[in-house]
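Open the structure in your viewer and keep the sequence panel at hand.

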Amino acid sequence: MTASTTPASPDSNAGSTAFIGGGNMARSLIGGLVARGTPGSSIRVAEPAEAARKALADDFGVATFADGAQAVDGADVWMLAVKPQVLRQVCEALAPQARARRPLVVSVAAGITTAQISRWLGGGEDADAPAIVRCMPNTPALLGAGVTGLFATPAVDASGRERAQALLSSAGTTVWIDDEAQMDAVTGTSGSGPAYVFLLAEAMEDAAKRQGLPDATARTLALQTILGAARMLTEPGAPPPAELRRRVTSPGGTTQAAIETFEEGGLRELVDRAIANAAERGRELSAAND
Ligand SMILES: NC(=O)C1=CN([C@@H]2O[C@H](COP(=O)(O)OP(=O)(O)OC[C@H]3O[C@@H](n4cnc5c(N)ncnc54)[C@H](OP(=O)(O)O)[C@@H]3O)[C@@H](O)[C@H]2O)C=CC1
Ligand SMILES: O=C(O)[C@@H]1CCC=N1
């Protein structure tokens with residue numbers, strides 16, 4: 001077992017949060033937490049790749065470990081931030097510590113259900129069940145501009161909910177859902193959603209270049225348009241998206257020509273299918289990794 005920072009004694013880790021997995025999502029969440037005042041020293045990260053451990057320690061001042069068991073040692077919140085495909089193996093390895101410590105377990109893994117996590121952690125039924133919050137953040141968390149859907153199992157008490165809410169609030173807006181089955185729809189909408197906007201940015205930039213604009217100009221126009229539109233959408237008291245669109249669209253003008261092209265091309269139906277497919281993939285990930 002190697003640790004790139006020296007572990008403190010378990011008792012001195014009370015109040016700390018352990019991340020299992022130090023990849024893209026963990027970086028976004030840790031960045032959001034540290035930027036909003038959580039001391040890096042209270043965050044412990046297990047990550048197999050040495051280069052990633054060094055970058056996390058350098059960038060955020062967190063304690064890093066090659067081994068999950070060391071990272072969770074004494075931590076009372078465990079953030080499971082590994083791929084769905086390895087979550088079972090991770091949970092089963094940590095099950096003895098989970099039974100002994102009874103941490104608040106927070107999972108960001110797409111698709112994987114709280115029942116699966118509970119079983120893999122060796123959880124019992126009812127009063128003996130582990131406290132698990134399943135959540136779906138997104139990468140704008142890095143800027144504190146993310147949105148996270150959260151679901152809590154009955155074993156999570158009010159203080160556990162508050163703790164999870166506080167952790168994810170550092171990443172931006174939080175939305176609790178009561179029905180865990182809806183988490184796949186959350187994943188398809190907002191978890192994966194930033195990539196849809198990035199795809200739109202790519203497509204607008206490419207189209208602008210094909211219209212003869214210089215590369216840098218095309219990028220600036222595409223990105224600032226998305227930023228400005230997103231800000232208008234989220235201003236307090238902003239009208240709904242359809243009304244904002246109407247205000248840009250002069251009858252018989254340029255925008256109408258573009259919007260008609262999108263509608264004829266089936267953009268709405270395409271978005272509907274894309275989000276449905278993302279949600280379905282979440283359900284498949286659950287079944288495939290059970
Ligand atoms: N990226 C996103 O936008 C979002 C992702 N999620 C969820 O977050 C989770 C992580 O995704 P993402 O960050 O993108 O994936 P990454 O692959 O970037 O991060 C996962 C990290 O976990 C590491 N890892 C693998 N095995 C272990 C282990 N046994 N112990 C500790 N760490 C391990 C990986 O190391 P190595 O690469 O060396 O194997 C990798 O660095 C997924 O479950 C995903 O569904 C949720 C919302 C949004
Ligand atoms: O693509 C994925 O599976 C993860 C979950 C949501 C965003 N990224």
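Select P103 and show what it touches: leaving aside residues up to four places away in sequence, P103 is in contact with A75, D76, V77, W78 and A98. Keep in mind as you look that this is a predicted model. Pick the C-alpha atoms of P103 and W78 and you will find 6.7 Å between them, although the two residues are 25 apart along the chain.

Is P103 buried or exposed? P103 is buried, because 22 other C-beta atoms lie within 10 Å and the cut-off for a buried residue is 20 or more. To see where P103 belongs, colour by secondary structure: P103 is in the loop between helix 4 and strand 5 (104-107).

Now click on R102, which is found in the loop between helix 4 and strand 5. R102 has 14 C-beta neighbours inside 10 Å, so it counts as partly exposed. Check its backbone too: phi of R102 is near 50°, a positive value in a residue other than glycine.

Next, select ligand 1 and display its shell. How many residues surround ligand 1? There are 27, and the closest are G21, G23, M25, A109 and A110. Helix 1 (24-35) and helix 4 (84-101) are the elements that give two or more residues to this shell. Colour the shell of ligand 1 by residue class and you get 17 nonpolar, eight polar and two charged residues.

Move on to ligand 2. Its surrounding residues are A110, T187, G191 and S192. By class, the shell around ligand 2 has one nonpolar and three polar residues, with no charged ones.

For the next stop, select residues 18-111. An unreviewed UniProt entry lists this stretch as "domain: Pyrroline-5-carboxylate reductase catalytic N-terminal". Across residues 18-111 the chain is 48% helix and 19% strand.

The domain assignment gives domain 1 (10-190) and domain 2 (193-284). Between the C-alpha centres of domain 1 and domain 2 the distance is 32 Å. Where they touch, 11 residues come from domain 1 and eight residues from domain 2. On the domain 1 side of this contact, three residues are nonpolar, seven are polar and one is charged.

The C-alpha trace spans about 70 × 40 × 35 Å along its principal axes. Of the 290 residues in the protein, 36% are buried. Among contacts between residues at least 6 apart in sequence, 72% join residues at least 24 apart.

Finish by colouring by confidence. The protein averages a pLDDT of 93, and 95% of the residues score at least 70. Then select residues 1-10, where the pLDDT is below 50. Beyond near neighbours in sequence, this stretch has 19 contacts in the model. Where pLDDT is low, the predicted coordinates should not be read in detail. As for the overall scores, the model has ipTM 0.98 and pTM 0.92.

Technical notes: Residues numbered from 1 in each chain as written. Chains lettered and ligands numbered in written order. Predicted model: local features only at pLDDT ≥ 70, side-chain atom pairs only at ≥ 80, totals over all residues. Near = placed C-beta within 6 Å. Nonpolar A, V, L, I, M, F, W, Y, C, P; charged D, E, K, R; others polar. Helix = DSSP H or I, 4+ residues; strand = E, 2+ residues; numbered from the N terminus. UniProt positions renumbered as here; feature names shortened; annotations may be inferred. pLDDT = per-residue confidence, 0-100. Contact = placed C-beta atoms within 7 Å. Domains from an automatic or database assignment. Buried ≥ 20, exposed ≤ 12 C-beta atoms within 10 Å, placed from the backbone.
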